[in-house]
Amino acid sequence: VQHVLRTIERHAPESGSKNLSAKVTQPELNDYIAYRLAREKRSLVRKFNVDLLQNNNVQGRLRLDAGQLNLGLLFGKVMDFDFKGTVQTRDGAGRIDLAALQLNGQPIKPQMLDLVFRAVSAYYGTELGRIEDWYKLPKGVKRITVHQGWADLSY
């Protein structure tokens, strides 16, 4: 995945030429996520897996260290988020429109993630957006289309 992203960044098509695309499989994506997490020195994320489904749908599990976020009294040692949603992309930005979200097996509203984002922002000393915000895609990527077991990166 890292090689694909570097290639897209270096070889974006010239204006007027047709769009190019690259395929990333679900195992490649999850291996890339694990690789990136392993490189983080102070990662709050213990685990993050994504299942790529048909029609731009995804589901997955995110495990955060609640103790490091000073949220351990509220949520216990870890916070396991199970999510389902639809990937939306436009103009080189993307987001996940959440259809379902659970925290430690209990359904919660997606806005609950805004509380967690604020705690993560404080931990890293950075500013994070909200769950419904649009986030910039990797350089050169214009659109992502999700299929069963793979994603198509258009550039």
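In this predicted model, the side chains of Glu 132 and Arg 130 meet in a salt bridge with an N to O distance of 2.1 Å, where a salt bridge denotes a side-chain nitrogen of Lys or Arg within 4 Å of a carboxyl oxygen of Asp or Glu. Both partners were assigned to an exposure class from relative accessible area (buried, under 20%; exposed, over 50%; partly exposed, in between; 1.4 Å probe, protein chains only). Glu 132 is partly exposed because its relative accessible area is 30%, and Arg 130 is likewise partly exposed, at 45%. Residues are numbered from 1 along each chain as its sequence is written, and side-chain values use heavy atoms, with hydrogens and water left out. As the model is predicted, local features require pLDDT of at least 70 and side-chain atom pairs count only at pLDDT 80 or more, whereas totals for chains, interfaces and linings use all residues.

A search of the whole structure finds four salt bridges. One of these joins Asp 65 to Arg 46, with an N to O distance of 3.0 Å. This pair links distant parts of the chain, Asp 65 being in strand β3 (residues 57–65) and Arg 46 in strand β2 (residues 45–52), 19 residues apart. Helices (H or I, at least four residues) and strands (E, at least two) are DSSP runs numbered from the N terminus. Asp 65 counts as buried because its relative accessibility is 12%; Arg 46, with a relative accessible area of 43%, is partly exposed.

A further salt bridge is formed by Asp 82 and Arg 61, whose closest N and O atoms are 2.9 Å apart. Asp 82 lies in strand β4 (residues 78–90) and Arg 61 in strand β3, so the pair ties together parts that are 21 residues apart in sequence. Asp 82 is partly exposed, with a relative accessible area of 23%, and Arg 61 is partly exposed at 37%. Strand β3 also contains Val 58, which is buried because its relative accessible area is 3%. Val 58 and Trp 134 are separated by 76 residues in sequence and by 17 Å in space, C-alpha to C-alpha.

Strand β9 (residues 150–154) is mostly covered, with four of its five residues buried. Strand β1 (residues 21–25) pairs with β9 in the antiparallel sense over five bridges, and Lys 23 stands opposite Asp 152 of β9. Strand β8 (residues 143–147) also pairs with β9 in the antiparallel sense over five bridges; here Thr 145 stands opposite Asp 152. A hairpin is formed by β8 and β9 with two residues between them, and Gly 149 in the turn has a positive phi of about 85 degrees.

A positive surface patch comprises Arg 6, Arg 10, Arg 36, Arg 39 and Lys 41. The elements that contribute two or more residues to the positive patch are α1 (2–10) and α2 (26–39). Patches are made of residues with over 30% relative accessible area and no salt bridge, like charges being joined within 9 Å and nonpolar side chains (Val, Leu, Ile, Met, Phe, Trp, Tyr) within 5 Å. Lys and Arg count as positive and Asp and Glu as negative, with His and the chain ends not counted. Within the patch, Arg 36 is located in helix α2 and counts as partly exposed because its relative accessibility is 43%.

Note on methods: Accessible areas come from the Shrake-Rupley method with a 1.4 Å probe; for residues, only the protein chains shown count as cover. The place of a charge is taken as NZ of Lys, CZ of Arg, CG of Asp or CD of Glu. Two strands pair if DSSP finds at least two bridges between them.
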